[in-house]
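Let's take a walk through this structure together. We'll go piece by piece and spell out the terms along the way.

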Amino acid sequence: MPCSEKIVQWMHNYLDGDIQKEEEQQLRSHIQQCEACREHFYELKKTAAFVENVSHFIPSDDFVKKVMYNLPREKRRVRWKRWFTHHPFLTAASLFILLSTSSLWAVWQEDNEFSFSKQEHLIVQNHTVIVPEGKVVEGDIVVRNGNIKIEGEVHGNVTVINGHKYLASAGEVTGQIEEVNEVFDWIWYNVKRVGYNIAKTLTK
Amino acid sequence: MDMFIKQRIKAIKKGDQSAFADIVEMYKDKIYQLCYRMLGNRHEAEDAAQEAFIRAYVNIHTYDPTMKFSSWLYRIATNLSIDRIRKKKPDVYLDAEVSGTDGLTLYSQLADESASPEDALESLELQQMVQEAILKLPEKYRTVIVLKYIDELSLQEISDILNLPIGTVKTRIHRGREALRKHLGHL
Ligand SMILES: [Zn+2]
């Protein structure tokens with residue numbers, strides 16, 4: 001046992017780089033003549049060295065990707081706003097077409113059937129479309145009223161309407177991956193889709 | 001504060017998610033390290049570290065630029081780790097293993113005659129013993145010890161992160177180090 005609380009306090013202050021010159025000198029001279037304190041100090045220094053030099057582990061390779069996929073979706077409104085302001089003509093035209101051809105809300109409400117794009121390799125289990133591990137799907141996938149689990153690769157865009165997307169750590173999507181779960185999302189999705197078609201027609 | 005981080009934060013506040021990816025890239029190792037030392041399990045650390053970044057993103061508007069950005073992140077990750085520790089049963093770590101040690105526990109290793117401190121540190125067993133000793137610390141001591149040693153943070157920074165007076169931080173480091181000494185000092 002070290003002989004006094006004060007000495008032990010100095011030892012810790014020393015290790016924290018938080019000691020007065022004078023105290024440090026007193027600590028040194030005491031340690032030279034007192035074996036118990038010398039031993040205690042040695043143990044503390046060793047302990048500190050162990051903790052300091054413990055090896056560092058690193059997070060998984062796709063750590064950043066996983067964080068980014070799990071960010072909340074509300075910030076997407078910013079993206080809509082940007083798109084609407086950058087494409088005012090397309091937005092207006094798309095909205096006009098959508099509103100004049102069908103009641104969007106009714107379509108959103110009534111369209112409850114589970115359906116998905118027929119692409120190669122897809123497996124379906126309980127309203128979940130699975131892209132199996134090791135398989136590559138060439139093309140876009142749209143899933144309605146169901147979920148998608150991506151364990152393999154998709155060379156294209158993935159859109160889930162009224163459902164969720166699960167991206168396994170081995171899974172990969174080269175294009176956009178999007179969930180459409182609210183009526184506002186639904187309008188946005190259709191505006192973009194119609195807008196894209198108009199743009200295609202115009203540039204033909 | 002670093003200009004780069006300042007610009008990134010500005011972009012994030014405007015809704016640019018890709019700017020946040022840069023932040024995650026920059027701090028992921030440190031935040032993961034903190035969570036790992038606090039929780040002692042790689043899988044859980046990964047989970048907690050991800051949650052910490054997501055919370056940071058969601059709460060970016062509450063970030064006060066007079067604080068170091070890294071300190072703010074450390075604060076989020078620390079609080080989150082403490083929450084997770086509290087949700088657990090206290091004895092959960094008694095036989096905790098560090099991945100890659102083939103099922104050796106602290107108890108079986110204590111029985112082994114250990115090598116000199118220099119070589120010992122390179123051994124997996126010692127790594128595990130250090131982690132076990134950290135996990136045995138009550139959370140208030142564990143927090144200060146982890147913060148002090150993962151990034152060589154100053155007493156002032158630790159005091160900022162935990163919002164505690166510097167004197168309290170010192171006392172906790174001293175007590176934590178004494179407790180660690182009891183497990184590691186004789187090695
Ligand atoms: Zn003495």
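A:Val136 sits opposite A:Glu153, which belongs to strand S7 of chain A. This is a predicted model, so to speak of local features pLDDT must be at least 70, and side-chain atom pairs count only at pLDDT 80 or more, while totals for chains, interfaces and linings use all residues. Side-chain values use heavy atoms, with hydrogens and water left out; residues are numbered from 1 along each chain as its sequence is written, and chains are lettered from A and ligands numbered from 1 in the order in which they are written.

S4(A) and S7(A), residues 153-155, run parallel and are joined by three bridges. (Strands are DSSP runs of E, at least two residues, and helices are runs of H or I, at least four, numbered from the N terminus; two strands pair if DSSP finds at least two bridges between them.) Step back and you get an open sheet of three strands in chain A, ordered S4-S7-S10, with parallel pairing. Strands S4 (136-138) and S10 (172-173) of chain A are at the edges with a single partner strand each, so one side of each has no neighbour in the sheet.

Now hop over to chain B. Helix H8 (residues 139-150) and helix H10 (residues 166-184) of chain B pack at about 95°, with axes 8 Å apart. (Axes are lines fitted to C-alpha atoms, for helices over the stretch in contact, and angles run from 0 to 180 degrees between N-to-C directions.) That makes H8(B) roughly perpendicular to H10(B), a label for angles of 65 to 115 degrees; under 35 is roughly parallel, over 145 roughly antiparallel, and the rest oblique.
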